[in-house]
Amino acid sequence: MKPAPATPIAEKKDELGQESWDPQWDEVVERALSPGMLSNSVAREVRSYCPRFAALSDAEKRAFWAYTFQALAGAEAGLKPTTNVRHTEPEVAVEDTVSKRTVRQEGLLQLTYMDATRYGCDFDWQHDKTLPEKDPEKTILQPRNNLLCGVKILENQIVTQRKPLLSPSSYWVTLRPATPSYLVFAKQMKNVPKECRVGTPPVEEAKRRRPVTVPEAAVVVERHGSAAANSSP
């Protein structure tokens with residue numbers, strides 16, 4: 001396993017002595033990746049952030065994916081495993097088909113209990129329903145379970161559906177490039193492993209490093225609308 005760099009939010013939290021990204025979570029992601037996610041055939045799907053993907057070793061590819069999930073967790077949940085959001089807007093306040101309650105998005109990657117049936121994730125509603133809302137013992141809030149589920153969801157998008165990392169129909173709003181929420185993810189992708197960027201044209205590198213500003217109101221409105229708004233696998 002090759003350790004992934006720290007995202008900007010992880011660096012900031014470390015400086016402030018706050019709960020941050022656990023390096024063990026990199027290993028969870030890296031070990032869960034299928035051969036398909038390491039195949040050179042997905043290079044086109046990730047070229048916006050790793051133009052040299054096809055030239056990387058498997059260890060370097062795994063580190064890129066670990067970094068990507070760290071950035072996604074930063075954008076979705078601020079790297080906090082017990083993050084729990086329920087929306088009241090009609091377009092996202094749908095019923096979770098497993099819990100039979102208004103859908104909540106939970107954990108590092110803001111997932112739902114119905115992902116257990118859609119993607120085969122290890123979430124146990126019968127066990128969790130008696131626990132406090134943000135109890136870290138809940139199966140959906142355990143970082144390993146949440147991240148493993150996220151790997152399955154992204155693999156479905158990239159390998160099965162052959163869609164790019166940034167897609168208008170991604171499960172996560174933060175991966176939909178036309179939305180303000182995407183800018184939150186883009187900001188966290190500024191420290192991608194250097195192996196991804198070696199040889200990147202200077203103009204493209206300059207664009208990558210350009211500061212990103214995000215309207216605060218836009219982030220609040222859109223950041224967590226993904227799972228309910230895009231319920232199809």
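Begin by selecting helix H2 (residues 23–32) and helix H5 (residues 58–77), whose axes come within 9 Å and cross at roughly 120 degrees. H2 is therefore oblique to H5, since angles under 35 degrees count as roughly parallel, over 145 as roughly antiparallel, 65 to 115 as roughly perpendicular and the rest as oblique. Axes are lines fitted to C-alpha atoms, for helices over the stretch in contact, and the angles run from 0 to 180 degrees between N-to-C directions. Helices are DSSP runs (H or I, at least four residues), numbered from the N terminus.

This is a predicted model: local features need pLDDT of at least 70, side-chain atom pairs count only at pLDDT 80 or more, and totals for chains, interfaces and linings use all residues. Residues are numbered from 1 along each chain as its sequence is written, and side-chain values use heavy atoms, with hydrogens and water left out.

Next, display the side chains where the two helices meet. Asp-26, Val-29 and Glu-30 in H2 are in contact (heavy atoms within 4.5 Å) with Arg-62, Ala-63, Trp-65, Ala-66, Phe-69 and Gln-70 in H5.

Now move to Leu-175, in the loop between helix H8 (143–160) and helix H9 (180–188). Leu-175 counts as buried because its relative accessibility is 1% (buried means under 20% relative accessible area, exposed over 50%, partly exposed in between, with a 1.4 Å probe and protein chains only). Leaving aside neighbours within four places in sequence, the contacts of Leu-175 include Leu-72, Leu-154 and Ser-167.

Finally, select Ser-167, also found in the loop between H8 and H9. Ser-167 is buried, at 4% relative accessible area.
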